[in-house]
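Welcome! Please open your viewer and get ready to select a few parts in turn.

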Amino acid sequence: MIQSRSLPVEYSHVTSVEGPLLVVRGVDGVGWDEQAVIKLDSGELRHGQVLEVDRDLAVVEMFEGGDGIKPDGVRVAFTGSPIRIPVGEGWMGRVCNGRGDVIDGGPPVMGAEWRNVAGSPINPARRVPPRDPIITGMSAVDGLATLVRGQKLPIFSVGGLPHLELAAQIAAQASVEGSTFRIIFAAMGITNADADLVRDALEERAQRGELALLINLAGDPVVERILVPRLALTIAEHLAFDLGHHVLVVMCDMTSYCEAVREAAAARGEIPGRRGYPGHLYSDLAAVYERCGRLRGRPGSITQLPVLTMPAGDITHPVPDLTGYITEGQLVLSAEMQAQGVYPPFEALSSLSRLMRNGAGPGRTRDDHLPVSAQVFAALARARQARELEEMVGADALSETDQRYLRFASEVNHSMLNQRRDEARSLDDTLDRAWQALAVLPRRELTMLSAQLVDQHLRTEGVVG
Amino acid sequence: MIEASAGKVRRVNGPVVEVTGLKGIAAAELLEVGPERLPGEAIMIREGVVTAQVYAYTGGLAPGAEAHGLGRPLSVALGPGLLGGVFDGTMQSLGDAGEMLSVADRLLPRAGRRWDFQPRARAGDDVAGGTVLGVIQETPAIEHRLLVPPGMRGKLTWIADAGAHSSDEPLATIGTDLRIQFSSNWPVRKPRPVAERLPAGQPLVTGQRVLDLLYPIAKGSTACVPGGFGTGKTMLLQQMAKWSDADVIVYVACGERGNEMADVLDEFPRLVDARSGRSLMDRTVIIANTSNMPVMAREASIYTGVTIAEYFRDMGYHSMVIADSTSRWAEALREFASRTGQLPAEEGYPAALSSNLAAFYERAGYARTLAGAEASVTVIGAVSPPGGDMTEPVTAHTTRFVRSLWSLDRDLAYARHYPAVGWTDSFSRDAERLASWHAARGDPLWGARRERVIALLGESDRLRSVAELIGRTALPDRERVVLLAAELIREAVLQQSALSTNDAYCTPPKQAALMDAVLRVYDRCIDLVRAGVPASLIEGVDLSALARAKDLGGPQDTEAAATAADQLLAQLEAIK
């Protein structure tokens with residue numbers, strides 16, 4: 001709900017409208033990055049942001065685009081401040097569009113305070129390293145790539161895979177022990193059908209007053225997508241650092257977001273970089289992704305779960321590549337796992353939570369958590385080699401050990417990673433399933449687990465080592 | 001100084017601000033714009049219009065706002081108080097700033113600090129740039145030597161007595177009017193002078209086996225670490241910052257993650273420097289300009305970092321700058337070039353990219369300081385190639401200018417082989433000179449052993465691709481042993497766990513012991529094969545004892561490796 005009230009000074013000398021850009025002449029005292037309100041003849045209001053000021057010229061980027069604007073029938077006013085929104089608990093349970101206007105039929109959100117959506121950089125010297133887990137109820141994440149409070153951990157997917165379902169399921173069932181938890185789900189450029197899916201999945205949690213939903217549909221203004229994560233994170237920063245909640249911000253689909261940034265940059269005539277994306281995409285993404293973490297002496301945290309689709313599955317595409325350089329690991333989904341009927345189609349060997357070693361293990365999750373996950377990763381890597389060998393020499397020529405590794409991988413995929421779309425698993429259940437899979441292997445292969453852990457957890461009925 | 005006339009802001013486009021009416025401003029001069037006095041630097045002056053890059057968020061800045069030239073280039077204040085501190089790219093202390101950074105932070109008054117000063121010169125002495133005037137025990141690890149700033153010369157007419165003095169008091173007077181305080185300014189883009197540059201020939205021990213044994217670096221040399229995301233670049237650089245035997249470390253987090261900084265700030269104060277026995281923070285200066293902080297301050301940060309390193313070098317220390325990542329610095333250059341409409345060269349980077357890179361790495365060196373001491377600045381720069389593309393401009397140019405390249409290999413990282421420094425692309429141009437250094441100190445075979453190991457790894461890579469086609473068992477016995485030996489080198493020597501107390505850091509004797517152990521076993525295996533023992537029998541021997549040896553004893557331990565090798569040799573004897 002960015003500001004749209006009438007403002008005293010209006011300018012009507014618009015010299016050009018090009019795509020989302022509008023050039024106004026004769027302005028006085030208008031600052032860079034200020035919010036603009038554009039009033040059309042019809043009474044329609046549009047919103048924009050000052051991209052450049054040059055003497056008495058202001059270049060305004062309009063979130064709703066320039067269609068239907070007549071240069072001589074439009075008035076532009078400037079608010080004197082950057083784009084701001086109200087913040088507060090009032091957002092919980094609400095659904096709004098990409099500009100923050102509520103679309104759930106209720107009254108506008110009132111907030112105690114209005115804040116600049118661009119935020120301010122967190123002082124790195126005041127951060128505390130993320131240390132405690134979020135339990136997502138998904139075995140793949142909790143068991144093998146634990147999400148840590150204050151982390152940014154993206155989901156890398158490709159078109160056609162159930163990443164939105166996974167993100168919505170995590171948003172619906174994630175929890176933290178002993179503290180209050182809030183979720184902001186920001187959807188950018190998603191279809192109507194997908195929006196319905198998200199609404200259905202999150203309805204219950206929204207009704208409990210723990211979740212806000214921001215939706216920018218595929219048919220909504222493109223440039224508005226640039227605003228969506230900033231609105232979500234501004235609300236989240238207040239919930240986390242002022243009110244002390246642990247906040248999870250899910251942002252889907254970041255590829256649509258980056259395309260909007262590219263579109264806006266192209267309209268400005270910027271020199272394109274790799275694949276036409278502007279050279280400042282890294283800084284732009286960092287301005288979004290770095291708005292998470294924990295602060296010294298404050299109880300709350302912001303955790304980000306951005307979702308992106310890799311065009312043509314290419315992990316070297318600028319969107320996943322730049323994201324990977326900023327975020328702390330990645331959860332990769334693959335068509336291959338999908339074809340095996342595994343949900344979520346989690347590609348363990350390509351996935352990594354860089355902060356897991358700080359957020360899991362003794363005192364945080366379970367004592368055996370880190371060695372078990374290390375052992376599962378090592379064994380999966382070995383199983384992959386065995387599978388490659390099998391493709392060359394045939395299953396019969398594999399050694400007994402290699403065959404066990406193949407059975408182990410299948411057990412991991414189908415009994416540990418695979419779960420129902422409405423199933424929230426406890427961490428104990430997840431780790432027990434990991435042990436069950438490890439029991440398929442000969443005991444001498446479990447080199448990353450201490451004898452004590454193995455004795456304690458391994459049920460070896462019918463398995464000889 | 002003449003009060004420069006005020007100018008007026010004409011155009012604002014993000015960090016690019018154009019100002020008119022600034023009389024007498026020089027290129028590269030510092031200026032302040034707008035009511036919030038945002039700091040900026042004059043980059044271009046064309047027909048009375050000054051184009052400035054501004055080191056802060058310019059939201060709200062409007063045409064017509066006032067601007068002032070400050071009459072000096074972008075400079076940092078150098079003096080006691082740097083060690084253990086955290087600063088942004090323009091040297092604003094982050095320790096004093098609020099939770100959320102704002103432009104107002106830099107206008108906060110700084111608390112003056114008192115330092116215990118011990119004079120080392122006397123009134124009446126003839127002094128010149130580099131003369132030690134006195135010392136301050138800045139941290140338990142480092143004695144801060146207060147020098148006459150470069151370029152000054154004359155008779156010391158007065159010097160303060162020993163004791164505590166505040167940072168704004170004068171400490172000495174040279175001639176009639178040159179006053180010296182704890183802190184002096186130095187323009188960051190200008191290298192600090194030395195008496196003479198000397199050839200670099202002493203190893204910088206990093207404690208990381210793959211580097212010290214295979215791709216060593218000399219004190220005063222340069223290295224570049226290219227690696228795609230997830231290859232463990234930052235982890236390797238942090239390991240170097242923790243364990244290298246440099247006296248002072250300047251860690252520049254240039255456009256990287258905030259949480260990584262939080263980790264460093266959490267971990268370093270608790271870690272003990274192996275040599276001084278003191279907290280690691282006591283020898284560390286951190287410049288943190290994370291990716292979300294103002295882009296142009298990121299551009300300045302690597303110069304700020306290297307200037308601080310030179311300052312400590314001038315005191316006679318071996319200092320090291322670690323810049324993570326220079327790609328983000330180059331991107332800041334590109335962003336500015338794009339906004340000012342400069343003609344792009346490769347991939348949108350300005351044409352000056354390669355000369356800027358060369359000039360930056362050139363600030364490294366082994367030198368005799370103005371005070372006559374031998375000291376050095378070593379520069380390590382990380383590069384983040386987009387999409388892992390090693391032909392992109394920043395990586396390609398940096399490779400031309402550095403003396404060592406530690407190329408991080410995605411396949412090794414994927415196999416959880418850390419540090420993932422690969423042996424196909426990495427190089428060390430210091431290796432030959434360092435081999436002479438080792439030879440002069442009783443290890444004449446150092447260079448030959450290194451070359452042998454690199455050759456062995458290369459041969460095994462070639463054999464592995466053959467084995468993938470025809471199967472390992474189809475290889476001749478000698479070649480099967482080569483494969484085995486290379487695996488052993490990888491597991492027992494090159495892989496090193498940053499998380500293990502015993503293994504995170506490895507002293508040169510332990511490094512040598514591990515390598516010798518592996519080579520002894522390898523030589524024996526070759527002998528056995530020559531004597532007709534089938535390779536399959538040798539492959540059946542459990543060699544894991546040697547792979548575990550690195551983790552059994554502490555960083556100095558040489559016993560575990562020797563014992564494991566003896567044990568394996570006995571086992572090999574038994575199969576004959």
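At what angle do helix 12 of chain B and helix 15 of chain B pack, and how far apart are their axes? Select residues 508-530 of chain B for helix 12 and residues 559-575 of chain B for helix 15: the angle is about 10°, and the axes are 8 Å apart. Axes here are lines fitted to C-alpha atoms, for helices over the stretch in contact, and angles run from 0 to 180 degrees between N-to-C directions. The two helices of chain B are therefore roughly parallel to each other (angles under 35 degrees count as such). Helices (H or I, at least four residues) and strands (E, at least two) are DSSP runs, numbered from the N terminus.

This is a predicted model, where local features need pLDDT of at least 70 and side-chain atom pairs count only at pLDDT 80 or more, while totals for chains, interfaces and linings use all residues. Residues are numbered from 1 along each chain as its sequence is written, and chains are lettered from A and ligands numbered from 1 in the order in which they are written.

Next, show the side chains between these helices. Among those of helix 12 of chain B that meet helix 15 of chain B are B:Leu514, B:Val521 and B:Leu528; on helix 15, look for residues including B:Ala565 and B:Leu568.

Now move to the two chains. Here 45 residues of chain A are in contact with 48 residues of chain B (C-beta atoms, placed from the backbone, within 7 Å). On the chain A side, helix 7 of chain A gives the largest share, five residues.

Finally, select strand 5 of chain A and strand 1 (residues 7-13) of chain B, which run antiparallel and are joined by two bridges; strands pair if DSSP finds at least two bridges between them. Zoom in on A:Asp54, whose bridge partner is B:Arg11.

Terms used. Two residues are in contact if their C-beta atoms, placed from the backbone, lie within 7 Å. Angles under 35 degrees count as roughly parallel, over 145 as roughly antiparallel, 65 to 115 as roughly perpendicular and the rest as oblique.
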